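The notes follow in the order of my checks.

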Amino acid sequence: MTRRRTWWKTALGVVLTVLMLFPVYWMLNVSLTKTRDMRADPPHWFPWDLTLDGYQRVIADQLPNLGTSLLIGLGTVALTLVIAAPAAYALSQLHLRGAGALNFVLLVAQMIPGVIMAMGFYAIYIRLGWLNTVGGLIVADSTVAVPFAVLLLTTFMAGIPRELLQAATVDGAGTVRTFAAIVLPMSRNSIITASLFAFLWSWSDFIFASTLNRNGDLIPITLGIYRYIGNNTTEWNSIMATAVVASVPAAVLLVLAQRYVAAGVTAGAIKD
């Protein structure tokens with residue numbers, strides 16, 4: 001009976017996985033298919049006559065956009081952690097007044113639609129002169145990542161044994177040193193999780209990019225794909241090749257960071 005149940009669950013899992021990954025496979029298939037073969041009836045389920053023309057166009061046309069997205073992503077991660085980590089430490093360990101209300105505000109902030117935030121940023125950026133700048137996109141993307149990161153890090157840091165922090169205080173460590181030498185290393189898993197979320201959000205962002213950086217010299221890959229579709233409606237192998245290349249960094253990060261995301265803060269500290 002147990003084996004039958006296990007077999008049934010495994011088969012269902014395989015079927016669901018195939019269904020979810022089929023769009024990814026079709027994207028890869030089209031990226032390797034020649035334009036004339038896309039009109040075949042029935043369609044080619046496998047790219048028998050392979051072509052790398054789409055990927056050559058990606059390298060020629062979209063490589064600067066990929067670099068811009070990487071810069072925006074890393075900048076968003078850095079700004080998010082600089083703001084969120086000290087804020088989470090203060091909320092979880094320093095017993096600030098109004099901490100509960102602030103957590104509620106951070107939770108509500110995540111419910112604000114991105115379109116509304118983009119319009120607000122547009123009005124502000126016009127006055128500041130930040131339109132069509134990479135720095136402006138980093139700030140905008142960070143406003144979405146910071147509330148999530150603060151809530152996540154606060155939850156993890158609240159679970160750090162207070163005995164460790166008290167021992168550091170007895171040894172003469174101040175608040176800043178305790179935060180840097182004890183809290184941050186023990187919060188490694190939660191910091192990686194928050195960093196991954198911030199990077200993936202900024203990497204896949206289109207709303208802020210299309211609103212705040214429409215005419216910039218440096219544009220992210222999401223906006224580059226959008227413009228590429230408008231200019232090359234028949235070159236679907238190039239469009240799909242761009243999508244494949246743009247998906248690689250996010251997929252690699254998810255694979256490398258999955259064990260840190262799944263691990264708990266205290267468990268990670270004990271192992272170290």
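**Cavity lining**

I looked up the lining of the largest cavity and found Ser69, Ile72, Leu137, Asp141, Ser202, Asp205, Ala209 and Pro220. Two elements, helix 2 (53-93) and helix 5 (134-158), each give two or more residues to this lining. I note that the model is a predicted one. By type, I sorted the lining residues of the largest cavity into 4 nonpolar, 2 polar and 2 charged.

I then checked the volume: the largest cavity holds about 30 Å³ of space. With a cut-off of 30 Å³ or more, I count 1 cavity.

**Helix 2 against helix 5**

I turned next to the packing of the two helices. Helix 2 and helix 5 have axes 6 Å apart and pack at an angle of about 35 degrees. I recorded the crossing of helix 2 and helix 5 as right-handed. For the contact of helix 2 with helix 5, I listed the residues as 21 nonpolar, 8 polar and 1 charged.

**Helix 2 along its length**

I followed helix 2 from its first C-alpha to its last and noted a reach of 56 Å for 41 residues. That span is close to the 60 Å expected at 1.5 Å a residue. Where does helix 2 bend by about 65 degrees? I place this bend at Gln62, and I note that a proline, Pro64, follows within four residues. Finally, I looked just after helix 2, where His95 takes a positive phi of about 55 degrees.

Technical notes: Residues are numbered from 1 along each chain as its sequence is written. This is a predicted model: local features need pLDDT of at least 70, side-chain atom pairs count only at pLDDT 80 or more; totals for chains, interfaces and linings use all residues. Side-chain values use heavy atoms; hydrogens and water are left out. On a 1 Å grid over the protein atoms alone, a cavity is a set of points where a 1.4 Å probe fits but cannot get out, and a pocket is an open set with protein on both sides within 12 Å along at least five of seven lines; lining residues have an atom within 4 Å of a point. Grid points are joined across faces, edges and corners, and a volume is the space filled by probe spheres set on the points. Ala, Val, Leu, Ile, Met, Phe, Trp, Tyr, Cys and Pro count as nonpolar, Asp, Glu, Lys and Arg as charged, and the others, Gly among them, as polar. Axes are lines fitted to C-alpha atoms, for helices over the stretch in contact, and angles run from 0 to 180 degrees between N-to-C directions. A crossing is left-handed if the near helix is turned anticlockwise from the far one by less than a right angle, and right-handed if clockwise. The expected span of a helix is 1.5 Å times one less than its number of residues. The bend at a residue is the angle between axes fitted to the seven residues ending there and the seven starting there.
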